[in-house]
Amino acid sequence: MSSGAAATNGGAFRFAVNVTPKPGILDPQGRAVEASLGHLDVHGVTDVRVGRRVELTVTAGSEAEARATVDRLASELLANPLIEAYAVELLGAVAQLEAAR
Amino acid sequence: MTRIGVVVFPGSNCDRDTLRGLELAGAEAVALWHEVADLDGVSAVVLPGGFAYGDYLRAGVIARFSPVMRSVAAFAADGGLVLGICNGFQVLAEAGLVPGALLRNRGLRFLGRDVRIVAERLDTPFTREVPDRHPLRMPIAHGEGCYYADEESLSALEAEGRVLFRYADGDGRPAWTGDAESNPNGSLRGIAGVLNADGNVAGLMPHPERASEAILGSDDGMLILRSLVASAAERTAGMAAVVGAS
């Protein structure tokens, strides 16, 4: 609970879930991207891993409640815990994001 | 006649072939719509190939949450026979009804071609009609078919006899991970199909229904479909006997 008013009040919160292949899991997409770097004359780039980012808005009674929903979605649907890791990122309360736009 | 259901998801495209293959194997095959939770009294369920829900997010994951899958999970927990073919295998894996996951093919390309597989077990409801470890020829058609589980799980699967099919060369020798010719998607330990712990749910990437008549180039797949129909028939007869006795 560190982000001020939004931390305790309800409302709509914007999250991003970043899903990446777990370490050690073969990532053929990452490997293909890496293989193309030579064609761009880019060198010294290694360990390319391709994942997926899902952004979503959750309306809930509090930020903690919204985050719990996102965590559940991430582990049950957005990522397959057997092969993927995920990180949940709070982008902010929707009202504040819109005010800043 | 033994009734077997074939689930139809939006994006399924092997449902008709599977219905026909099951009919050729002697079953009454019925389509089960994904939005309907009722399994229509079937004695076995097949999840067919295709691209359920467009394969969005990950192949099989959205199908997993459909109403019919809740019933299929309960049916499987109750000992019902469930076979997932290709996309159906991906759905079963996402639902946790069979172990492991199907990753993007090692070479990144979608693969549509014949492969050979050997049945590692000949005593299961899905392979009882397979006479021996002679390689069976049937097609694969998938972009995400590289079987993955962590090393510990793979060893447990082997120890428990839950590797059902393995990719093989023409002589029936197992095709390990680096054998791109015989194991083109790069599946770990050459695994093409697995069983759940109770042995009543199986998934495989190759398509037995596309190898169900000589005119298709191979009818080796019929051994698998006939196994399922025979096992489902026995189960129905067993239940009828219990009902009759009570």
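Start by selecting Leu108(B): this residue is partly exposed, with a relative accessible area of 28% (buried means under 20% relative accessible area, exposed over 50%, and partly exposed in between, using a 1.4 Å probe and protein chains only). Look for Leu108(B) in the loop between β5 (101-103) and β6 (111-119) of chain B. Helices (H or I, at least four residues) and strands (E, at least two) are DSSP runs, numbered from the N terminus. Leu108(B) isn't a glycine, yet its phi is positive, about 70°.

A quick note before you click on: this is a predicted model, where local features need pLDDT of at least 70 and side-chain atom pairs count only at pLDDT 80 or more, while totals for chains, interfaces and linings use all residues. Residues are numbered from 1 along each chain as its sequence is written, chains are lettered from A and ligands numbered from 1 in the order in which they are written, and side-chain values use heavy atoms, leaving out hydrogens and water.

Next, pick Leu57(B), in the loop between β3 and α2 (67-77) of chain B. Leu57(B) also isn't a glycine and has a positive phi, near 70°. Leu57(B) is partly exposed, with a relative accessible area of 27%.

Now go to His34(B), in the loop between β2 (28-33) and β3 (44-47) of chain B. Is His34(B) buried or exposed? It's buried, at 6% relative accessible area. Show side chains and you'll find a polar contact of 2.6 Å between His34(B) and Tyr53(B) (a pair of N or O atoms within 3.5 Å; within protein, one must be able to donate a hydrogen and the other to accept it, and residues adjacent in sequence count only if both atoms are side-chain atoms). Not counting residues up to four places away in sequence, His34(B) touches several others, including Phe9(B), Pro10(B) and Ser66(B); here contact means heavy atoms within 4.5 Å.

Time for the inside. Nonpolar side chains tend to be buried together in soluble globular proteins. The largest nonpolar core here has 77 residues, and those with the most contacts inside it include Ile4(B), Phe9(B) and Leu228(B). (A nonpolar core is a set of buried Ala, Val, Leu, Ile, Met, Phe, Trp, Tyr and Cys residues joined through side-chain atoms within 4.5 Å.) Colour helix α5 (residues 221-245) of chain B, which gives the largest share of this core, seven residues. A second, separate core of 15 residues includes Phe15(A) and Val70(A).

Over to chain A, where an open sheet of three strands runs in the order β2-β1-β3, with antiparallel pairing (two strands pair if DSSP finds at least two bridges between them). The edge strands, each pairing on one side only, are β2 (52-60) and β3 (84-93) of chain A. Strand β1 (residues 11-21) of chain A pairs with β2(A) over nine bridges. Select Val17(A) and you'll see Val54(A) in β2(A) standing opposite.

Last stop: where the chains meet. The contact takes 14 residues from chain A and 14 residues from chain B. Together the two chains bury about 1,300 Å², 68% of it on carbon and sulfur atoms (buried area is the accessible area, with a 1.4 Å probe, that two parts lose on being put together, summed over both). Finish on Ala101(B), in strand β5 of chain B. Ala101(B) is buried, at 3% relative accessible area, and among the residues it touches are Asn80(A), Leu82(A) and Ile83(A).
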